[in-house]
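Visitor: I am new to this one. Could you show it to me and walk me through it?

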Amino acid sequence: MLPMFKRICVILILSSLIISCSSDSSTEPETDPNITVNDVLVDSLATPETVALFNNIMELSQTKLLFGHQETTAYGVGWWAEFGKSDVKEVCSDYPAVYGWDIGDIQYSTNVDGVYFSTIVNLIKQAYSRGGINTISMHLDNPATDNDAWDNTPAVASILPGGVNHDKYINILDMVADFFLELKTSEGTYIPIIFRPYHEHTHAWPWWGSNSCSVDEYNSLWRMTVEYLRDEREVHHLLYAISPQDFYTRSEYEWRYPGDDYVDVLGLDSYNNNLEQLENSLDILGQLAKEKGKICALTEVGLMGLSDPDWFTQYLLTSVKSSNNASRVAWALVWRNADVVHHFAPYPGHDSVPDFLNFYEDDMTVFESDLPDMYK
């Protein structure tokens, strides 16, 4: 038995430890005030600006349609790399609200359309500084053959964990992550990006498409990509958008869908220019977005060459206004203006200019100068 003095000392020490542990358990953990923890987005640690962008787009989408154009400030019909220029701006004296970019060929100095990645970084920063919204697609080369994205040789199984090309593909994702982490202001604020990888996955043309990988393989690829960028590389300024092409039914849209925990934006790419079908698709899309608490958008849409000069008001705007669900569409992005044949937005002198100006003046449409502060 311990002497009385030692027993008293032991009791005092144990009492001190109990008090200390009780005090520690009630202390709130320190948190970084610059990190927004949310339970809405794919990334629970998304930056405050990224959370604000999602919330502000959601609010605007209740009554407005934002207009977007692919690579609008990089080049246009008859010009290339002229500072501040855009075919859209030349026509209506305003920039699009949404800017589309692509990071296919990320392993090279220029993207799939020949634009230097250093230029894309600068143009994204300029768009953000004006208050615009940036979205990025990804036509990556086939990792099994090293041919372009349109080589639909099966490849997905080989780049999933355990596959022969997994490490090779992770190196590509590292380049993607490095690119995203370069997108920040001079003050160090990361620029929010709506990221739209592996798009049009319900069609057969890409190596991630319906004829080249199973549903489980596609969904595993999507989840692996999100988890690697978000959890391993700690890229926290992305909203993730999925975009099948031209669907007819709800089940068709949900086919090859990786799950609500991995998607922020329900997109649709549509080029068939069938008004009745688009109205039906947008009605389904808007209903799904409402149920899931997601943004929905026409992530790609257009009529190449604009052979119908009234396309913007009589097709695009008509389809979005066709039902309450369809009107939930947050933005519509038309594809790029490469030349006088391959273009989807008007340019000065084109027959579609008068209709586009009516589209611009419509109370529903939003261009860059109409945007509120989207990042607060």
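Predicted model: local features only at pLDDT ≥ 70, side-chain atom pairs only at ≥ 80, totals over all residues.

Visitor: Is Cys296 buried or exposed?
Guide: Buried means under 20% relative accessible area, exposed over 50%, and partly exposed in between (1.4 Å probe, protein chains only). Cys296 has a relative accessible area of 2%, so the word for Cys296 is buried.

Visitor: How many disulfides does the count come to?
Guide: A disulfide is a covalent bond between the sulfur atoms of two cysteines. The rule used here asks for a pair of cysteine sulfur atoms within 2.5 Å. By this rule the number of disulfides is 0.

Visitor: Why is strand 10 described as largely enclosed by the rest of the structure?
Guide: Strand 10 covers residues 329-334. The description holds because the buried residues of strand 10 number 6 of the 6.

Visitor: Which residue in strand 10 does Phe67 stand opposite?
Guide: Strand 1 (residues 65-70) pairs with strand 10 in the parallel sense over 4 bridges. Along this pairing, Leu66 stands opposite Trp331. For Phe67, the residue opposite is Ala332.

Visitor: Which residue in strand 11 is the bridge partner of Leu66?
Guide: Strand 1 also pairs with strand 11, in the parallel sense and over 2 bridges. In strand 11, the bridge partner of Leu66 is Val366.

Visitor: And in strand 4, which residue is the bridge partner of Gly68?
Guide: Strand 1 and strand 4 are paired in the parallel sense, over 3 bridges. The strand 4 partner of Gly68 is Val98.

Visitor: Which residues of strand 1 lie on each of its faces?
Guide: In a regular strand the side chains alternate between the two faces of the sheet. Both faces of strand 1 are covered, with buried residues on each. One side has Leu65, Phe67 and His69, and the other has Leu66, Gly68 and Gln70.

Visitor: How far apart in space are Met364 and Leu66?
Guide: Met364 sits in the loop between helix 11 (353-361) and strand 11 (365-366). With a relative accessibility of 8%, Met364 counts as buried. Met364 and Leu66 are 298 residues apart in sequence, and C-alpha to C-alpha their distance in space is 8.3 Å.

Visitor: Which strand gives the most to the lining of the largest cavity?
Guide: On a 1 Å grid over the protein atoms alone, a cavity is a set of points where a 1.4 Å probe fits but cannot get out, and lining residues have an atom within 4 Å of a point. The lining includes Gln70, Trp101 and Leu333. Two or more lining residues come from strand 4 (98-102) and from strand 5 (133-138). The strand that gives the most, with 3 residues, is strand 5.

Visitor: What is phi of Glu200 near?
Guide: Glu200 is placed in the loop between strand 6 (193-197) and helix 7 (215-232). Glu200 is buried, with a relative accessible area of 7%. Its phi is positive in a residue other than glycine, near 55°.

Terms used: Residues numbered from 1 in each chain as written. Heavy atoms only, no water. Pairing = 2+ DSSP bridges. 1 Å grid on protein atoms, 1.4 Å probe; cavity = no way out; pocket = protein on both sides within 12 Å on 5 of 7 lines; lining within 4 Å.
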